[in-house]
Amino acid sequence: MTTRRFTATVELPHSAEQAFAYLVDPRRRPEWQSSLLSVDVPEDEEPHLGQTWTELTVVGVRPSLEVVEFVPFRSWAERGTWRGVEATLRLRFIATKEGCRVVAEGEVTGAGVYAVAARSSGLLAGRAIAADLKTAGHRIAQRAEG
């Protein structure tokens, strides 16, 4: 079994409330998460603890996800599984004078033939999440303007 941990921190010029509301809504994920094509979640379902959905990634993987932590405007976490791979992602939202800091922490674990997928995914995850969070910051700004 292989486990890779990752972390990323991004400063956003938006309040923790704005960032939380946008980032924890799985319906918005394809707008800012570069690895996603689509999500399968009811359009009228609001984010909540225990919420579940599936995603379709650009490489054809369809993980199942569940919200396992939900503390409005402070923290949120998900657990995803696909075959022999499990991944967790936790976002913490910290108010700053200029907006908020989003700290992303997680890990990817794989067993057997999926250990290679976990190792390579975990290796790239920190940089990818940081880039995706910056994209989310731009999308939040666009929504505020529109």
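Colleague: What should I know about the model before I go on?

Modeller: This model is predicted, so local features need pLDDT of at least 70 and side-chain atom pairs pLDDT 80 or more, while totals for chains, interfaces and linings use all residues. Residues are numbered from 1 along each chain as its sequence is written, and side-chain values use heavy atoms, with hydrogens and water left out.

Colleague: Where in the chain is phenylalanine 73?

Modeller: Helices (H or I, at least four residues) and strands (E, at least two) are DSSP runs, numbered from the N terminus. Phenylalanine 73 belongs to the loop between strand 4 and strand 5. From its C-alpha atom to that of valine 41 the separation is 22 Å, and the two residues are 32 apart along the chain.

Colleague: How many aromatic pairs does a search of the whole structure find?

Modeller: Rings of Phe, Tyr and Trp (its six-membered ring) pair if their centres lie within 6.5 Å; planes under 30 degrees apart are stacked, over 60 edge-to-face, and the rest tilted. Here the search finds 3 aromatic pairs. One of them joins phenylalanine 20 and phenylalanine 70 edge-to-face, with 5.4 Å from centre to centre and 75 degrees between the planes. Its partners come from distant parts of the chain, 50 residues apart: phenylalanine 20 is in helix 1 (residues 16-23) and phenylalanine 70 in strand 4 (residues 64-71).

Colleague: What is the geometry of the pair of phenylalanine 20 and phenylalanine 73?

Modeller: That aromatic pair is edge-to-face as well, with 5.7 Å between the centres and 70 degrees between the planes. Phenylalanine 20 lies in helix 1 and phenylalanine 73 in the loop between strand 4 and strand 5 (75-82), so the pair ties together parts that are 53 residues apart in sequence.

Colleague: Is phenylalanine 20 buried or exposed?

Modeller: Phenylalanine 20 is buried, because its relative accessibility is 3%. Phenylalanine 70, with a relative accessible area of 24%, is partly exposed. One aromatic cluster takes in Phe20, Phe70, Phe73 and Phe93.

Colleague: In what order do the strands of the sheet stand?

Modeller: Strands of a sheet pair through backbone hydrogen bonds, either parallel or antiparallel. Two strands count as paired if DSSP finds at least two bridges between them. This sheet is open, has 7 strands in the order 1-7-6-5-4-3-2, and pairs antiparallel.

Colleague: How many bridges join strand 6 and strand 7?

Modeller: Strand 6 and strand 7 (residues 99-110) are antiparallel and share 12 bridges. Arginine 90, for example, has glutamate 105 in strand 7 as its bridge partner.

Colleague: Which strands pair with strand 3?

Modeller: Strand 2 is joined to strand 3 by 4 bridges, running antiparallel, and valine 39 has glutamate 55 in strand 3 as its bridge partner. Strand 4 is joined to strand 3 by 3 bridges, again antiparallel. There threonine 52 is bridged to glutamate 66 in strand 4.

Colleague: What lies between strand 3 and strand 4?

Modeller: The two strands form a hairpin, with 6 residues between them. In the turn, glycine 60 has a positive phi of about 90 degrees.

Technical notes:
Buried means under 20% relative accessible area, exposed over 50%, partly exposed in between (1.4 Å probe, protein chains only).
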